[in-house]
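Here is a briefing on a structure. Please look it over before reading the notes.

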Amino acid sequence: MNRPHDRDDELDAELASHLEMAKRDRLAAGESADDAKHNSRREFGNLAHVKEVTRDGWAGATWERIMQDLRFAFRSLRRVPLFAAVAIATMALGIGANTAIFSVIDGVVLRPLPYPHPERLIYITSRFPAMNLDHFPIDLGEYLDLSERNHSFASLSAYTLGAVNVGGTAHPTRVVSAAMVGDLFHALGVAPAIGRGFTEADSHPQAPPVAVLSYEVWQSVYGGDRGLVGHSIDIDGVTTTVVGIMPKAFDFRDQGIRIWQPFTYDPAQRDQFRGGHFLYLLGRLKPTVTLATARVELQSLLARWAADDGVPATVAPNQRRLHTPTPQHALRYDDLQADMVGSAGPALWILQGAVGLVLLIACANMANLLLVRAESRRKELMVRAALGAGRWRLVRQFVAESVILSLAGGLVGVVVAQWGLHALLAANGGSIPRATSVHINLAVLGFTVVLAVGTGLVFGSVPLLQVRRESVSGALRNSESRTTAGTARHRVRNALVVAEMALAVMLVIGAGLAIRSFWKLMQVDSGFDRSNLTTFNLVLPAQQYADSNRRIALFESVISRIKAIPGVKDVAAMSGLPPQRPINANDTKFIGLPTGPNIPMQNVDYWQFVTPGYLGTMKIPVVQGRGFEPGDGPMQPPVVLVNEALAKRFFPGQSAIGRQVQPGGSPAVFTIVGVVKDVKQQGLDASVGTELYIDYDQTPLDMGFTPRNMNLVVRSTQSTAALAAPIRSVLADVDPELPISSFRSMDDVFAAATSRPHFLAQLLSGFGAIALLLAAIGTYGVLSYSVSERRRELAIRMALGAAKSGVLSIVLRRGMTLAAAGVGAGLVGALIVTRLVRAILFDVSATDTVTFVVVGLFMAAVALVACLIPAWNATRVDPITALRTE
Amino acid sequence: MPRKPRPSDSRIEVLQGTLDLIILQALRWGPAHGYRLLQLIRSTTDGVLQVDTGSLYPALHRLARQRWVSAAWETSENGQRVRVYRLTPSGTRQLAIERSRWEQLGRAIAGMFAAPVKEDA
């Protein structure tokens, strides 16, 4: 009874019985059979119309009507496969791009972190505003103080990152490790999949070494052996008991942590750790506490901290603020997710905005296509209107068709998105935080469906503007004399082309700005010659290389053997690899400079431990004084080099040469013997930090600290790939147990450091190109159609002697007027909108004149090409055939 | 024999909003199908009120949806299956409402005509 065809059938039957009774009455009154039939029909009126309006009155029948409309639309689209294919492809592109970017936004920004109550997870770092340090690690003393004093957190845990060699003997693997204070697993709310986490006893300095492995290391190194828990493995040469395995894909802050170990310390000696900032904190708020209240509590903690905590008397007054949080050296609480997403958030929203524009342009094109189709269907529409189809019914028909097209587009779009997303993550996963949580899931599919139906409704209703404006009788008149077709319906199409052009201009300008800023970033002087450099990382296991002299000997041996490889010109080792190394130094005493509570601290951003060949290998020029020389050996007077930024900061207007310095409170006094050119250590887009170079060979006696983790750089005429085998064999010769990691060319290191701007520039130019193409097609389509409409007029003009150039200019003028309006509107729009992309620009103004002018001209040129083809076709109109066929 | 009014001279289009009243009132006399209703309306108003099928059927379906009338398939005296409409209790109540509204309107208009014209006095 409620099924659609039943209801339709019932209405048919009801009306048929009406006609039947009317006919009978007429027969009974003596009319002939023919007359009775004819007259009863005439009296009844328009049967189709009666059915139509009655059906329209059926509420609750909306769904039936929608299905009916969709079926009809589907049938009529099947008759125009080319049109449908073009339309679906356009929408697939637009919707697919939106789906892909939205799935990234969903996974990165919108989806909560995969921990219970992620909104209560707070990431805690410190800041030193005076030193321009933000998100800086905190020290163990601070962590312990905070744990004892705060009332906001249910649990607090800290960790520090490192790298260890696992697997022992033959082929050790180098993995990222984390040492944690407190129970990070508990704070996160994730328990090991097998075994246990750490207990307080595990952090005791004398406790036997234990470790929890990530699922990934357990699988790849130990083959997923379930018996591994409880047994020992070799970590950095230390026999360590595996107590647990974390669940698959468990990580923290995308750091690729593969091994978890307890940080061992003696709580009684917490003050020894003060000033050593190396811990990142995670706190889980109590259920009743919000981030805002926790911050309020922090303020009052900071105000009393220094007073409550006796800073050891050994700490110089001007250093105290490094050792105890105060309002000047504050801790900061950030929502963990917001902190992880960081600057990627704005970048992703910019991309979403850009694909949104692409979709709008695609919609404008679709609307134009449908308009043209509506034109060509005027006769069909007239006939149907005459047969009783109401205007609303015809309107629904258009919308049904466009919704079908956009849904089909959406379907293909999901495939496009899946493919695009795969490519996107494969190429740029590193520059997207939380990349592993990016998937096309139900939420994303829901977004796609809403988008498809929404856009279908939008572009489907554009032709209605025109249908509404003209009566059916108007359509009849116009179809008889097409040349007099009103300009009203051209207005809609022209407006669409102008809008498309304007949107495309805005998008291409956005892409242009991103490209220009990426280009500028690539032009930044990194401070050394980064071509033909190969680099890799070596970490000497603490156990086997406990003796500093053994470390020095190893590097000397490795360097001299690599130097002997054919094609290698120079080799050196350094502790920190530019251009993205973390700040690693702070307290450095410059002898002779005044100190005091009100004088800024003598903070140095970087200590760089280098082997003597460093400056030559990197091709870093010495600006003043000299570089390290063979004579600066272990037994010689200790010397250091500084960079220009350091010389300028501490010795403005004076020479730094001959000044003396004690890095990190080392007993020895180093003399500055040279000033070298600045190297970009903290990112190409950041200003240069102050840097102190220390000779690796001089470290044991004078600093008491010889780094185990060094990066080697090899300058060679050979490619990085060609060097891999000989370098590996050198290492195998020297110490087969040393794993090499991060073997790559310096160009790749820089590419990784600039991957986000690169990714943005690439995607934005991709979207810009699609926008450009769509806008050009749109312009071309509208002009071609208008030429075909005006064939008769043009033919008459030519028959009356108009020159080809005249006809050409008529069409061109019309097209270029539209294009100029579009480009103009786009430039104005871009002036307003580009301020939104400022966050992703480097050294380029959001209203960069060069970009605006170049894009404006370029778009005008593209429009000209799009206009030239129909204009050229117009000149080839043969007056006689044109007039005859009309 | 009085001349039957021809549709063209005194035919009145059913006033907007009164169609429901007319149908409900017609059904008060007994159940009827659509064709009978048209005949009833025409004959009881001497052909003055003309309801066309394009208004009648949507109205019947609308009234059925509001449950003021019920509809059922029945077999007519000459063996034909017809859809017969009946007034429901709520339809009867609705008729009373519509009727009192109509009478109010009638009285108001009659009052206007009955008012004395001042200039004659």
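The notes below run from overall shape to local geometry.

This is a predicted model, in which local features need pLDDT of at least 70 and side-chain atom pairs count only at pLDDT 80 or more, while totals for chains, interfaces and linings use all residues. Residues are numbered from 1 along each chain as its sequence is written, chains are lettered from A and ligands numbered from 1 in the order in which they are written, and side-chain values use heavy atoms, with hydrogens and water left out.

**Overall shape of chain A**

- Chain A has 28 helices and 22 strands. Both are DSSP runs numbered from the N terminus: helices are H or I with at least four residues, strands are E with at least two.
- The radius of gyration of chain A is 37 Å, whereas a compact globule of 886 residues would be near 29 Å. The radius is taken over C-alpha atoms, and the globule rule is 2.2 Å times the number of residues to the power 0.38.
- Along the principal axes, the C-alpha atoms of chain A fill a box of roughly 130 × 70 × 55 Å.
- Of the contacts in chain A with a separation of 6 or more, 81% join residues 24 or more positions apart. Contact means heavy atoms within 4.5 Å.

**Surface and charge**

- Chain A has an accessible surface of about 38300 Å², and carbon and sulfur atoms hold 60% of that. The areas come from the Shrake-Rupley method with a 1.4 Å probe; for residues, only the protein chains shown count as cover.
- In chain A, 53% of the 886 residues are buried. Buried means under 20% relative accessible area, exposed over 50%, and partly exposed in between (1.4 Å probe, protein chains only).
- Chain A carries 83 positive and 73 negative side chains, and the centres of the two sets are 10 Å apart. Lys and Arg count as positive, Asp and Glu as negative; His and the chain ends are not counted. Each charge is placed at NZ of Lys, CZ of Arg, CG of Asp or CD of Glu.

**Nonpolar cores**

- The largest nonpolar core has 86 residues. Such a core is a set of buried Ala, Val, Leu, Ile, Met, Phe, Trp, Tyr and Cys residues joined through side-chain atoms within 4.5 Å.
- Helix α12 (residues 344-376) of chain A gives the most to this core, with 17 residues.
- Among the residues with the most contacts inside the core are Met91(A), Leu405(A) and Phe767(A).
- Another core, of 45 residues, lies apart from the largest one and includes Trp607(A), Val661(A), Leu692(A) and Val714(A).

**Local geometry**

- The peptide bond from Pro578(A) to Pro579(A) is cis, with omega near 5°. Pro579(A) sits in the loop between β13 (568-574) and β14 (588-590) of chain A.
- His117(A) is not a glycine, yet its phi is positive, about 40°. His117(A) lies in the loop between α5 (81-110) and β1 (121-128) of chain A, and is partly exposed at 43% relative accessible area.
- His135(A) also has a positive phi, near 55°. This residue belongs to strand β2 (residues 133-136) of chain A.

**Chain B**

- Helix α2 (residues 19-28) of chain B is mostly covered, with 8 of its 10 residues buried.
- Just after α2(B), Gly30(B) takes a positive phi of about 145°.
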